[in-house]
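Work through the exercises below with the model open in a viewer. Each task is followed by a solution in steps.

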Amino acid sequence: MAHDSLNETAAPVRITAHTAKWILLIVYLVIAIFPLLWLTVSAFKSNLEIQTQPFALPAVWQFQNFVKAVTISGLHQFFLNSFIEASLATAVNLFVTSLASFVIARETFPLRKTIFTAITAGVLIPIVALMVPYYSIIVALGIYDRLLALIVTYAAINIPISTFLVSSFMTTIPKELEDSAEIDGCSFFQRYSRIVLPLAKPGLVTAGTFGFIYAWNEFIYALLLTSSRSARTVQLAIRFFTSQFRTDYAGMFAAIVLTMIPTVVVYIFLHDKIISGLTAGAVKG
Amino acid sequence: METLRKRNQNTGWIILFLLPVLALILAFFIYPILFLLYVSFMEWNGIQPMSFIGLENFREIFSEDVFRTSIKNNVIWAMSAAFLQIPLALLLALVLTRAPRGWKFFRTIYFLPNVISLVALAMMWSALYNPEFGLINSILEAVGRGELTRNWLGEIDTALPAVIFSYQIYVGYFMVIILAGTMSVPREFYEAAVMDGANVLQQELYITLPVIRGIIVTAGTLAVAFALRQFETTFLMTAGGPANRTPVMGLYMYRRMAGLDYGKAAATGVLLIALGIVILGALQRVFGKSDAVGDSQQ
């Protein structure tokens with residue numbers, strides 16, 4: 001889009017470069033999407049077809065693979081847990097980061113930049129390194145194997161990225177709106193709740209989408225901080241399938257496809273927000 | 001008097017607004033890192049009281065082959081992020097920037113795998129690499145190169161490359177970040193170069209790359225940080241095998257925890273964080289500072 005007219009170099013160079021460009025684009029398109037399509041189509045096959053006809057479409061679309069996947073493993077329970085954990089973690093995360101982002105983006109006070117850097121630097125820490133302390137903290141709080149364990153953990157882990165996205169967005173809201181509201185008698189809290197928060201909705205949606213997808217997909221701490229059906233998430237359910245169905249690949253593929261649906265649906269509706277959020281973060285500097 | 005009182009009022013609000021986030025940062029980042037460091041000098045099984053043993057945990061884990069392999073593999077993962085994932089992301093971004101139509105479609109599809117969990121993708125790739133019915137061997141046979149088929153995840157030579165290759169499906173994330181930079185380079189920059197007879201390659205090399213260097217470093221920093229977190233992919237695809245060739249520090253740590261040896265698990269965690277600091281620091285020395293990470297509020 002940006003540089004159409006710039007391709008006006010000598011003709012032979014242009015044709016080879018042009019061809020190479022499209023080959024690269026299409027090869028990576030295949031790498032990015034074909035395995036997922038293969039997986040989805042395979043989820044509708046019988047086990048025999050999966051093993052003998054890797055490229056063919058299913059002779060009969062086996063919808064019962066999905067029914068079986070849910071009924072045998074009780075997948076719906078894991079789905080419910082994942083929904084509760086991801087939604088509440090996102091809600092808690094957005095609430096606390098919107099408060100902090102508001103003062104970081106809209107107020108001046110000592111150590112403002114230091115505090116912002118300290119909060120956002122967390123994104124570079126290999127979170128997996130903190131297994132021992134997270135486990136100890138969650139056990140000490142008495143919430144091991146409860147939904148609350150993952151809600152608090154995910155809400156906290158996402159603070160660096162959320163604060164970055166939300167405060168970046170809040171800095172773009174014109175200051176005059178708040179000034180006039182203050183003259184009209186708005187309190188500090190009302191400036192947050194009535195003026196800035198509603199205007200920051202796109203930033204909150206982006207951060208919330210990232211947070212929800214992260215929480216839905218997280219595996220390590222779901223594995224470490226829960227042990228029973230009552231708190232475990234869909235990501236662990238997938239793994240349970242591999243041992244449960246040693247040879248039933250159709251059932252496992254169906255389960256994987258089901259667990260992918262929520263985030264893919266979110267992506268279908270919000271991909272512009274996700275991509276523009278990432279983009280805005282990148283070019284701010 | 002008036003302004004002073006107003007400032008004092010707001011100071012209370014400011015502290016109140018920052019408090020929840022700072023409390024959570026303290027509880028889930030700062031305290032855990034200090035606790036990790038503390039436990040790394042202790043012998044602890046998680047139940048009985050800890051006892052101080054100095055550097056014994058570090059000495060013991062370093063004496064194990066599987067731990068040294070884990071460090072080496074973490075370095076390979078980090079290098080693959082910096083020198084495989086980022087160049088690939090950059091190449092795709094440069095090409096998309098010059099793609100006439102449909103670039104948004106490509107961008108949307110390239111990013112799609114990033115919303116799917118590592119678990120789902122690891123299981124999917126295990127199936128793709130499956131020696132009996134996996135798609136990769138099937139394709140090789142279909143194109144008449146049956147002699148190349150192998151048990152990709154089960155053979156010593158191919159296991160680690162196969163696992164790392166599967167992770168490249170996440171390139172789209174970094175491509176989107178870099179694309180934000182390439183799209184924002186003013187086109188006048190190129191017009192002058194075109195008049196001087198610069199070809200596309202020269203334009204990218206001498207105009208685009210210097211302008212977007214900071215964004216590439218940002219993307220690279222994130223890519224390395226994410227690669228160092230790798231656990232699921234290895235845990236689910238190879239579990240560290242075959243013959244202990246593919247473990248990473250996260251997996252070693254998990255095994256130590258499962259064996260109730262929290263001291264050695266913590267020592268591993270400390271070294272993983274230290275490794276991240278060393279690698280990210282070295283990359284910054286070589287390639288310069290990043291643009292955005294933790295430093296955006298200008």
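Two residues are in contact if their C-beta atoms, placed from the backbone, lie within 7 Å. The model is a predicted one.

**Exercise 1**

Find which residues of α4(A) meet which residues of α11(A), and describe how the two helices cross.

Solution. 

Step 1. Locate the helices: α4 covers residues 75-106 of chain A and α11 covers residues 201-217 of chain A; their axes lie 9 Å apart, at an angle of about 140°.

Step 2. α4(A) and α11(A) cross in a right-handed sense.

Step 3. Apply the contact cut-off. On α4(A) the residues are A:Ser82, A:Glu85, A:Ala86, A:Ala89, A:Thr90, A:Asn93, A:Leu94, A:Thr97 and A:Ser98, and they meet A:Leu204, A:Ala207, A:Gly208, A:Gly211, A:Phe212, A:Ala215 and A:Trp216 on α11(A).

Step 4. Sort them by class. The contact of α4(A) with α11(A) holds 8 nonpolar, 7 polar and 1 charged residues.

**Exercise 2**

Determine how α8(B) and α10(B) are oriented to each other, and list the residues that meet.

Solution. 

Step 1. Take the geometry. Helix α8 (residues 171-184) and helix α10 (residues 200-228) of chain B have axes that come within 9 Å and cross at roughly 160°.

Step 2. Compare with the cut-off. Angles over 145 degrees count as roughly antiparallel, so α8(B) is roughly antiparallel to α10(B). Their crossing is right-handed.

Step 3. List the contact. B:Phe174, B:Ile177, B:Ile178, B:Ala180, B:Gly181 and B:Thr182 of α8(B) meet B:Thr208, B:Ile212, B:Ile215, B:Ile216, B:Thr218, B:Ala219 and B:Ala223 of α10(B).

Step 4. By class, this contact of α8(B) with α10(B) has 9 nonpolar, 4 polar and no charged residues.

**Exercise 3**

Solution. 

Step 1. α10(B) passes α13(B) in a right-handed crossing.

Step 2. From α10(B) the contact takes B:Val217, B:Gly220, B:Thr221, B:Val224, B:Ala225 and B:Leu228, and from α13(B) it takes B:Leu272, B:Leu275, B:Gly276, B:Ile279, B:Leu280, B:Leu283 and B:Phe287. These residues comprise 10 nonpolar, 3 polar and no charged.

Step 3. Look past the end of the helix.

**Exercise 4**

Inspect the backbone at A:Asp145 and at the peptide bond between B:Gly241 and B:Pro242.

Solution. 

Step 1. Most residues other than glycine have a negative phi, and most peptide bonds are trans.

Step 2. A:Asp145 has a phi near 65°, a positive value in a residue other than glycine. A:Asp145 sits in the loop between α6 (131-140) and α7 (147-157) of chain A.

Step 3. The bond joining B:Gly241 and B:Pro242 is cis, with omega about -10°. B:Pro242 belongs to the loop between α11 (232-237) and α12 (249-258) of chain B.

**Exercise 5**

Describe the contact between the two domains of chain A, then that between chain A and chain B.

Solution. 

Step 1. Chain A is divided into domain 1 (4-64) and domain 2 (65-284). The centres of the two domains, taken over C-alpha atoms, are separated by 32 Å.

Step 2. Count the residues. In chain A, 12 residues of domain 1 are in contact with 12 residues of domain 2. On the domain 1 side, the elements giving two or more residues are α1 (11-42) and α2 (47-52) of chain A. α1(A) gives the most to that side, with 3 residues. By class, the domain 1 side has 5 nonpolar, 6 polar and 1 charged residues.

Step 3. Turn to the chains. Their contact takes 90 residues from chain A and 87 residues from chain B. Helix α14 (residues 249-284) of chain A gives the most to the chain A side, with 17 residues. The chain A side has 62 nonpolar, 21 polar and 7 charged residues.

Key:
Residues are numbered from 1 along each chain as its sequence is written. Chains are lettered from A and ligands numbered from 1 in the order in which they are written. This is a predicted model: local features need pLDDT of at least 70, side-chain atom pairs count only at pLDDT 80 or more; totals for chains, interfaces and linings use all residues. Helices (H or I, at least four residues) and strands (E, at least two) are DSSP runs, numbered from the N terminus. Ala, Val, Leu, Ile, Met, Phe, Trp, Tyr, Cys and Pro count as nonpolar, Asp, Glu, Lys and Arg as charged, and the others, Gly among them, as polar. Domain bounds come from an automatic or database domain assignment. Axes are lines fitted to C-alpha atoms, for helices over the stretch in contact, and angles run from 0 to 180 degrees between N-to-C directions. Angles under 35 degrees count as roughly parallel, over 145 as roughly antiparallel, 65 to 115 as roughly perpendicular and the rest as oblique. A crossing is left-handed if the near helix is turned anticlockwise from the far one by less than a right angle, and right-handed if clockwise.
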